[in-house]
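Morning, everyone. Let me put the structure up, and then I'll walk through it piece by piece.

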Amino acid sequence: MCGIVGYIGKRDAFPILIKGLRRLEYRGYDSAGVALINTDGELNVYKTKGKVDNLTEYCNDKNVSGNIGIAHTRWATHGEPSSVNAHPHYSQSQNLAIIHNGIIENYAEIKRNLQQKGVTFRSDTDTEVLVQLVEYIMEKKSVDLLTAVQVALYQVIGAYAIAIVDKRHPEQIIAARKQSPLVVGIGDNEFFLGSDASPIIEYTDKVVYLEDGNIAVIRLDSELRVVSILGEEQELAVSKVDIDLGQIEKGGYPHFMLKEIFEQPDCLTNCMRGRVNIDNNRVTLSALIDYRRQLLSAKRIVIVACGTSWHAALIGKQLIETFCRIPVEVEYASEFRYRNPVVTKDDVVMAISQSGETADTLAAIQLAKQKGAFIYGVCNAIGSSIPRATDTGTYIHVGPEIGVASTKAFTGQVTVLTMFALALAEAKGTIDHNEYVKVVNGLSEIPKLIEEVLKANDRIADLARTFTYAHNFLYLGRGFSYPVALEGALKLKEISYIHAEGYPAAEMKHGPIALIDSDMPVVVIATHNAMYEKVLSNIQEIKARQGRVIALVSKGDDTIAHIADEVIELPDMMECLEPLVATIPLQLLAYHVAVCKGKNVDQPRNLAKSVTVE
């Protein structure tokens, strides 16, 4: 959600900023802008509604010189998408410019106070309030920019990642964060800023992840300095970013989403590497070694997550309860944080988040920590806020996910949850050894099975063309397949804008069957498992009402092939592992339907990759 880029050094800043904005387009945005201080000491702000391409076109005849600048892609919160509300924002004197991710919750009160003191506002945003407040403090108290930022941030309530420049001091950028990610890249006598490392890795692999409540003083004439809001010097923790530039390029695919779907065999192999040992028939997770006592003594596990991660959590619940015999609750993080949940020191609270920055999930684990629970994180982004806030956890290691609609992160999360359930069950002695070995071996085969399913891509693309007419879809599954149905429906909604709902197949008769007619495509996950006959009956009920059925079936299933309108075959596997493979054709179906409808697959409207504000 929103993207920040900054540069100060000896190079021309504008090309670096624009390239950085493109790297951050996946986060979702509706406008873009840039601020540059040129050699004449002028602070030029250029911004437009729409895409980065609109911004570059707008800047074609503008003065974009300068070796220092900040840039932003905005996802609207306060104020509609427009060039006026786009970032950066000037202060009243136009000496300062600011970019900001997050929400200033008490902006209205601050704005009224400043207006009473004669400050004039140009936009409807909460962000402009902050830059006007900083300038007012500078003038009123005769302090420098850093001090004014510290005083201002002490007054604001909310979440933020900011970068601010002063044309009177073209040698520095002040940046700060609270509950919104911000990374500083350290180069050779140059510095870079980013909401994540993707705009930075082309230039340096040395980064500093700012902690909550910290301010970075980025100056060309000195080393990077980090202080708290109260002015306390902070230790500089420099990390090395291990991301291949090719991971954030399309690599010949028309869209990042399709690339990331096809990356899943390799991604899941990486996820399991060093953790699943087939020679010894064993799953090893360092978190269960280092924190064995806390995890083995847990009386209950509560999983908090949002969106796709919530669907992965539902699968995790079944895996953990089946193998470990521990009660598991799955909570929407956004609901968990705003009620008074019963959480004790005997609970493990597991947070699942691809970005590691999801605001609701981060707040949920902070609440759980206050109540004494042991916190376990499952994330993809190394060094992000949630891993730093947890007691321990496991990275999914699937590489950067650029497409807004999550694909490989979902299967990575389910893979980690499977490994977690197996490792914990083996340690507790709650799983039969032969079953344990069978599941471990089956898990190791999943990448090959996904490769087999991906061969159906062309056929699914053809099939998708016949369903672009639909205004509604229904997805049905049972047991381990029910969360897959939910995830399949979400993927279709996210990128094609077709209304879709996922349901347990047995619940169809309790309402949704009223919707079924010849215009209602129904996707049914109907593999050979313990509930096959019951799902078969559901399909017959759908066909009796002229519904059109797309069925995911086990290879060689002739029975459903004679009933369903379309059949996609899946290789045989254990029922508990089916979600990892069954989700692949549903990802492809959503992708190809959206492409046929001419939608922006990688950047669907109104959506952001990581939701860092409420």
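Start with Tyr332. At 38% relative accessibility, this residue counts as partly exposed. Keep in mind that this is a predicted model.

What does Tyr332 pair with? Its partner is Trp310, and the two rings are stacked, 4.1 Å centre to centre with 10° between the planes. Trp310 counts as buried, at 14% relative accessibility.

How many aromatic pairs does the structure hold? The count is 9. There is also a cluster: Phe467, Tyr469, Phe473 and Tyr475 group together as one aromatic set.

Two of those names come back in the core. The largest nonpolar core has 99 residues, and Phe473 and Tyr475 are among those touching the most other members, along with Phe323, Tyr376 and Phe420. Which helix gives the most to this core? Helix α14, residues 408-428, with 12 residues. A second core stands separate, with 30 residues, including Ala148, Ile162, Ala176 and Val227.

Now the sheet. Six strands, open, antiparallel pairing, in the order β5-β6-β7-β8-β12-β13. Which strands stand at the edges? β5 (89-90) and β13 (225-228). Each has a single partner strand, so one side of each is left without a neighbour in the sheet.

Further in, β7 and β8 run antiparallel, joined by 5 bridges. β7 covers residues 158-166, and β8 covers 172-178. Within that pairing, Ala161 stands opposite Arg177 in β8.

Two helices pack on this sheet. Helix α4, residues 126-141, touches β5, β6 and β7, and its direction makes about 130° with that of β6. Helix α5, residues 145-155, touches β6, β7, β8, β12 and β13. The direction of α5 makes about 160° with that of β7.

Last item, the cysteines. How many disulfides are there? The count is 0. Take Cys267: the nearest cysteine sulfur is that of Cys271, 9.1 Å away. The cut-off is 2.5 Å.

Methods. Residues are numbered from 1 along each chain as its sequence is written. This is a predicted model: local features need pLDDT of at least 70, side-chain atom pairs count only at pLDDT 80 or more; totals for chains, interfaces and linings use all residues. Side-chain values use heavy atoms; hydrogens and water are left out. A nonpolar core is a set of buried Ala, Val, Leu, Ile, Met, Phe, Trp, Tyr and Cys residues joined through side-chain atoms within 4.5 Å. Buried means under 20% relative accessible area, exposed over 50%, partly exposed in between (1.4 Å probe, protein chains only). Helices (H or I, at least four residues) and strands (E, at least two) are DSSP runs, numbered from the N terminus. Two strands pair if DSSP finds at least two bridges between them. Contact means heavy atoms within 4.5 Å. Axes are lines fitted to C-alpha atoms, for helices over the stretch in contact, and angles run from 0 to 180 degrees between N-to-C directions. Rings of Phe, Tyr and Trp (its six-membered ring) pair if their centres lie within 6.5 Å; planes under 30 degrees apart count as stacked, over 60 as edge-to-face and the rest as tilted.
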